[in-house]
Amino acid sequence: MLRTGFRVVYRAVGTRGYTSAAPEKTVASSSFKVQDSKDFTDRVKNAKVPVIVDFFATWCNPCRLLTPRIEQVVAEKQGKILLAKVDIDENTDLALDYEVGSVPVLMVMKDGKVLEKIIGLQDTDKLRKFVSKHADS
């Protein structure tokens, strides 16, 4: 009986997804994952707009919580600021170069220089202030 009820609900709902495609496109255009040191130099240090560098690790729970928050806030700025994601396990040299001792770390870079750095999980309001300060300058 329960199994039959599930089939009826499944058929009624169908296989339609309930995700919105529009926000994902916005996020994808304003954020990218850094592949190596050369990619970091090309896309972050030589960027025409400020870039927030998110140093993270896949095993880090605070990083997992921070990711959707920072991606949403950066996407709201519509290209005035970019988000570069750096996995510290894949890019250990970059983490050492920028003295990343714990994750998550957010750094704002402009013209190849670090302007500001915040460490740890942040709430959305603090992230908005952090991003706006550098996107609007």
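These are my notebook entries on a predicted model of one protein, in the order in which I looked things up.

**Ground rules.** I number residues from 1 along each chain as its sequence is written, and my side-chain values use heavy atoms, with hydrogens and water left out.

**Overall layout.** Read from the N terminus on, the elements follow the order α-α-β-α-β-α-β-α-β-β-α. Of the 137 residues, 39% are buried, where buried stands for under 20% relative accessible area, exposed for over 50% and partly exposed for what lies in between (1.4 Å probe, protein chains only). I also looked at contacts, meaning heavy atoms within 4.5 Å, and found that residues 24 or more positions apart account for 70% of those with a separation of 6 or more.

**Strand E4.** I asked myself how many residues of strand E4 are buried. The count is 5 of the 6 in residues 105–110, so E4 is largely enclosed by the rest of the structure. On one pairing, E4 runs antiparallel to strand E2 (residues 51–56) through 5 bridges, strands being called paired if DSSP finds at least two bridges between them; here Val53 has Met107 as its bridge partner.

**Nonpolar cores.** The largest nonpolar core holds 24 residues, and those with the most contacts inside it include Val34, Phe40, Val53 and Tyr98; I use the term for buried Ala, Val, Leu, Ile, Met, Phe, Trp, Tyr and Cys residues joined through side-chain atoms within 4.5 Å. Two or more residues each come from helix H3 (37–45), E2, strand E3 (82–87), helix H5 (92–97) and E4, with E2 giving the most, 4 residues. Leaving aside residues up to four places away in sequence, Tyr98 touches Phe40, Lys45, Phe55, Met107, Met109, Val114 and Lys117. A second, separate core has 14 residues, among them Leu66, Val74, Leu83 and Val131.

**Helix H3.** Which residues of H3 are buried? I found Asp39, Phe40 and Val44, and because they cover an arc of only 100 degrees around the axis, they sit on the same side of H3; the arc is that of the directions from the helix axis to the C-beta atoms. Their cover includes strand E1 (31–33), E2, E3, H5 and E4.

**The disulfide.** I found 1 disulfide in the structure, the cut-off being a pair of cysteine sulfur atoms within 2.5 Å. The pair is Cys60 and Cys63, with their sulfur atoms 2.5 Å apart, and the link is right-handed, with 80 degrees about the S-S bond. Are these cysteines buried or exposed? Cys60 counts as buried because its relative accessibility is 5%, and Cys63 counts as buried at 3%.
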